[in-house]
Amino acid sequence: MSTTESIDRRHIGLDTWSDENILDALLDGQRRAIAAVDSAKPMLAAAATAIAGRMAAGTGRIVYAGAGSSGVIAALDGIELLGTFGWPEERVAFVLASGDRLAPFAGGEEDDAHAARSAMAALGLGPGDAVIAVAASGTTPYTLAAIETAGGFGALTVGIASNAETPLLRAADVPILLDSGPEMIVGSTRMGAGTAQKVALNLISTLTMIRLGHVYDGLMVSLRADNLKLRGRAIRILRHITGSSEEAAADALGRCGGRIKPAVLVLKGHSPEEAESILAEYGGNLRAALGRFR
C-alpha cells in the first residue's frame, strides 16, 4: 500500500482526543511535510536550474499539470508568477483534469488519460518548454499521461510525488520525492502531502525566477505596478535601489510604463529608450546592467 494511503496507528482513536491533542497531531504532520521538502533540496535546485535554462531563451513556457487538489496547488503557484515576477501570461499554462474549473472535482476526471494527452498536444510543446506535474500518489492516470506526453515532445519534465518508485517519478527528467509520510486522515493528501507540494513548488518557482533575474536584493523588480498598492511598492523599491526622492521615483516609473528595471536606469541618468537597450544587452538582468556603470 502506498505511503499516502497507509494507516498510521498513532492516530487510532483520533476522533476521541481533545482539541489540543488533535491540533498537536495535525501540526506534527505539517512539520513532517516541511522536513520532507528539506530532504528534497538537491532535486528542487536541479529542477529550478533546468527550468531556468529552458526559459532563458525567452520563448519557453512553464506548464503545470495535475488533478484534484494537487492540480489546484500547482495552478496557484503558476498564477502567482504573473504578479510577483511579471512573468508573461503567454509563458505559463495549465493542464488540469478539471479544465478551467477549480472545484468541485469530478471523480472520473483524474482517470482520463486521453484528455491529458489531448490537452498537452494542443499546447504545441517543444524542447524550450518545461512541465511540472504533481500527484501525491505518483500514479494518477491524468497526470502520468500529461508528463509522458510532454516528454514525448521534448519538453523538460519535473515530477513531484509523495510515494517513492512510482510511475510519475520514473517518467520525469527531474523526479522529486516528497516523503511526507502517512496522512493523519488517511488519503487526505491536501494535508501533509499538500503542504509539502505547496512549499516545494514555491521554492522551485522562486529560485527559477531569481536565476532569471526577476529579483534584486530580495525585491520584486519585475512586478506589475498596475494598482495603487503595487505602485507604492514599486516606488519604494526604486528609492531603495537608487536613493532617489519619492517624486523622482514616481516620475521615472511613469516614464517607463510602470516597469521598475528601466526606471532604475532612468534614475541613473538614461532615457527610457537607452534603459531598455541596456537591459536587453544584459538579458534583462538589472544587477548585471548596473554593474556596467561601476
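Reply: In this predicted model, the largest pocket has a volume of about 590 Å³. Its lining is made up of 28 residues, and those closest to the centre of the pocket are His-214, Ser-222, Lys-261, Gly-283 and Gly-284. Two helices, H10 (260-267) and H11 (272-281), each contribute at least two residues to this lining. Sorted by class, the lining residues of the largest pocket comprise 13 nonpolar, 9 polar and 6 charged ones.

The backbone angles may be taken next. Most residues other than glycine have a negative phi. Against that background, Asp-217 may be noted: its phi is near 55°, a positive value, and the residue is not a glycine. Asp-217 lies in the loop that runs between strand S6 (215-216) and strand S7 (219-220). With a relative accessibility of 46%, Asp-217 is classed as partly exposed, because that class covers values between the 20% limit for buried and the 50% limit for exposed.

Glu-165 is also a residue other than glycine with a positive phi, of about 55°. Its position is in the loop between strand S4 (156-161) and helix H6 (167-171). Glu-165 has a relative accessible area of 65% and is therefore exposed, since exposed means over 50%.

Conventions: Residues are numbered from 1 along each chain as its sequence is written. This is a predicted model: local features need pLDDT of at least 70, side-chain atom pairs count only at pLDDT 80 or more; totals for chains, interfaces and linings use all residues. Side-chain values use heavy atoms; hydrogens and water are left out. Helices (H or I, at least four residues) and strands (E, at least two) are DSSP runs, numbered from the N terminus. Buried means under 20% relative accessible area, exposed over 50%, partly exposed in between (1.4 Å probe, protein chains only). On a 1 Å grid over the protein atoms alone, a cavity is a set of points where a 1.4 Å probe fits but cannot get out, and a pocket is an open set with protein on both sides within 12 Å along at least five of seven lines; lining residues have an atom within 4 Å of a point. Grid points are joined across faces, edges and corners, and a volume is the space filled by probe spheres set on the points. Ala, Val, Leu, Ile, Met, Phe, Trp, Tyr, Cys and Pro count as nonpolar, Asp, Glu, Lys and Arg as charged, and the others, Gly among them, as polar.
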